[in-house]
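Open the model in your viewer and keep the sequence panel beside it. We will go stop by stop, selecting as we go.

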Amino acid sequence: MSNNSTNYNDYYYIPPDLRPLPPQHSQRIYMIGICGMGMGTLASMLKQSGREVIGSDSAIYPPMSEHLASQGITVLPGYDPANLERPIDLVVVGNVVRKDNPEAASTVQRGLPYVSMAEMLEREFISGRTSVVISGTHGKTTTSGLTAWALQQARMSPGFMVGGILRNFGSSHALPGGPESPFVCEGDEYDTAYFDKGPKFLHYRPEVLLLNNVEFDHADIYQNLDHVLWAFNTLLDRMDPAGTVVAGIDCPNVRRLVQDRKQRVISYATACDAQIRACSWKFDAGLTTIETAIEGQSVEPIATPLIGEHNVRNVLACYGACRRLGVDESVFRKAMLTFQGMARRSQVLLDGAVKLIDDFAHHPTAVATTLDGLRAAHPGRRLVAAFEPRSATSRSNRFQEQYTVALNRADIVFLAPLHQPERLLPEQRLDLEQIAEQLRLAGRNCSVGRSHEELSVAMLECIEPGDVVVLMSNGGFGGLPRKLAQALERK
């Protein structure tokens with residue numbers, strides 16, 4: 001694929017060689033914005049590798065605050081330049097930190113070496129290893145978890161850093177077990193830091209790249225779909241020609257991206273011809289059985305507890321990576337069968353008279369595929385969906401119609417108030433009342449809550465025995481999942 005005609009290369013970037021150079025082996029690490037998922041996970045990895053780690057944040061709350069405390073990592077409240085008046089070898093700056101942050105500004109004034117989270121991850125844990133990077137708009141976390149678990153089952157002792165808790169490991173990360181161990185990480189297309197506005201995944205140097213799908217997302221940093229495609233195209237352009245791309249070609253944008261690439265391309269699909277194809281799949285007795293073909297030849301079916309076509313694709317992507325990395329077929333199938341899933345990815349919180357599920361879906365495609373999967377796995381049961389528009393993309397009206405179509409898959413819909421609506425102009429905001437009106441016209445019962453508390457009361461009044469209830473948000477949903485589970489247990 002040739003470069004897009006629009007040039008997006010003028011993003012703000014201060015290369016490492018124009019910043020103070022850190023010591024070869026930095027021992028005393030200070031992390032600004034330490035309580036973010038990625039930063040907190042990296043802090044744990046650095047601590048476990050023998051570094052001294054301390055950090056600061058303005059938003060200190062569970063579960064990350066508790067996790068860091070359990071690791072013996074001190075978290076200082078707020079951002080105070082005086083916090084830097086201690087021996088520091090290197091400062092790691094989170095991508096929530098702005099240039100005018102008091103500690104970020106003081107770091108530059110003091111001449112302290114500083115790097116982004118993505119640079120630090122590559123420098124300390126990826127460099128010199130087989131880098132396995134999982135990218136795409138949807139499915140990164142689950143596919144990363146599947147791949148890490150399969151490599152662990154193959155006794156490769158992989159290092160990994162994933163944007164969620166792998167329930168098989170009880171952790172979102174692990175240090176590599178030896179010098180030959182590969183490293184698995186999510187290739188996030190979000191921007192890196194205030195001094196590096198390019199996507200994080202440009203730092204990870206993949207030898208094996210999984211490209212699940214590409215859609216418009218992150219409306220706060222990308223102008224349009226072409227801008228997103230530019231980011232992924234840049235990643236592929238910078239990738240070693242000797243590398244391998246495992247490509248989900250059900251997605252037209254992925255087909256466009258991998259066309260005429262120098263790298264080896266392993267394609268997978270559910271709806272079109274591919275090197276690895278799911279010919280059919282069926283969910284029964286708690287397992288999805290996937291009838292699979294390689295280069296048109298049937299192979300032994302793959303069984304997994306995961307549900308939905310989107311997870312069938314995630315399993316196929318993992319299959320492609322494992323074949324490239326030399327994982328034995330029987331080991332791969334055992335790993336898929338024993339994978340316990342990711343926290344907050346269709347995680348069952350309650351499974352009695354009512355089934356309550358917590359899910360991370362926030363893009364309209366993810367909302368639709370999550371609801372489709374639950375509908376297929378629970379035929380005949382009433383499906384109740386609650387959705388919190390929290391991400392920059394979901395708060396905007398760019399996908400007004402798409403959210404209406406996606407949520408129409410549920411029987412009853414509850415809409416939470418927009419998270420931080422003041423960040424968008426009124427004419428740019430998702431119109432929840434309009435979605436509710438359209439869903440009612442389609443015969444759905446839909447309510448818009450003015451608060452999480454009001455939503456909780458309304459849901460408890462509505463939910464009946466036999467219902468499948470899913471809560472979808474890329475944030476904490478105001479604590480609603482835990483509160484609702486407790487209330488339903490009492491009820």
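Which residue in β13 is the bridge partner of leucine 209? Select leucine 209, then look across to β13: the partner is valine 245. Keep in mind that this is a predicted model.

**Stop 1: strand β12**

Stay with β12, residues 208-211.

Now select β13, residues 244-248. β12 and β13 pair in the parallel sense, over four bridges. Valine 133 stands opposite leucine 209. β6 and β12 are also joined in the parallel sense, again over four bridges.

**Stop 2: methionine 239**

Move to the loop between α6 and β13, where methionine 239 is found. Is methionine 239 buried or exposed? Its relative accessible area is 4%, under the 20% cut-off, so methionine 239 counts as buried.

Show what touches it. Setting aside neighbours within four places in sequence, methionine 239 is in contact with Pro206, Glu207, Leu209, Thr244, Val245 and Gln263. For a distance check, pick tyrosine 114. The C-alpha atoms of methionine 239 and tyrosine 114 are separated by 25 Å, and the two residues are 125 residues apart along the chain.

**Stop 3: the ten-stranded sheet**

Zoom out. Ten strands form an open sheet. Follow them in the order β8-β7-β9-β6-β12-β13-β14-β15-β16-β17. The pairing is mixed. β8 (171-174) and β17 (297-304) stand at the edges. Each has a single partner strand, so one side of each is left without a neighbour in the sheet. From one strand to the next, the twist averages 20°.

β7, residues 159-166, pairs with β8 in the antiparallel sense over three bridges. Select phenylalanine 160 there; its bridge partner in β8 is alanine 174.

**Stop 4: the five-stranded sheet**

Now for another sheet. Five strands form an open sheet in the order β3-β2-β1-β4-β5, with parallel pairing. Which strands stand at the edges? They are β3 (74-77) and β5 (114-116). Each has a single partner strand, so one side of each has no neighbour in the sheet. Here the twist averages 25° from one strand to the next.

Select β2, residues 52-57. Four bridges join β2 to β3, and the two run parallel. Isoleucine 54 has threonine 74 in β3 as its bridge partner.

α1 (residues 37-48) lies across β1, β2 and β4, running at about 170° to β1. α3 (residues 102-110) lies across β1, β2, β4 and β5, at about 140° to β1.

**Stop 5: helix α10**

Select residues 364-377, helix α10. It has 14 residues and reaches 20 Å from its first C-alpha to its last, close to the 20 Å expected. Its buried residues are Pro364, Ala366, Val367, Ala368, Thr370, Leu371, Gly373, Leu374 and Ala377. What covers them includes β15, α8, β19, β20, α12 and β23.

Show α12, residues 400-407. α10 and α12 pack at about 5°, with their axes 8 Å apart. The two helices are therefore roughly parallel to each other. Pro364, Val367, Ala368 and Leu371 of α10 make the contact with Gln402, Tyr403, Ala406 and Leu407 of α12.

**Stop 6**

Find serine 346 in the loop between α9 (329-338) and β18 (347-351). With 24% relative accessibility, serine 346 counts as partly exposed. Beyond its neighbours within four places in sequence, serine 346 is in contact with Ile357, Asp358, Asp359 and Thr370.

Finish at helix α15, residues 480-490. Leu480, Pro481, Leu484, Ala485, Ala487 and Leu488 are buried there. What covers them includes β18, β19, α14 and β23.

Note on methods
Residues numbered from 1 in each chain as written. Predicted model: local features only at pLDDT ≥ 70, side-chain atom pairs only at ≥ 80, totals over all residues. Heavy atoms only, no water. Pairing = 2+ DSSP bridges. Axes fitted to C-alpha atoms, helices over the stretch in contact; angles between N-to-C directions. Contact = heavy atoms within 4.5 Å. Expected span 1.5 Å × (residues − 1). Buried < 20%, exposed > 50% of the residue type's maximum accessible area, 1.4 Å probe, protein only. Parallel < 35°, antiparallel > 145°, perpendicular 65-115°, else oblique.
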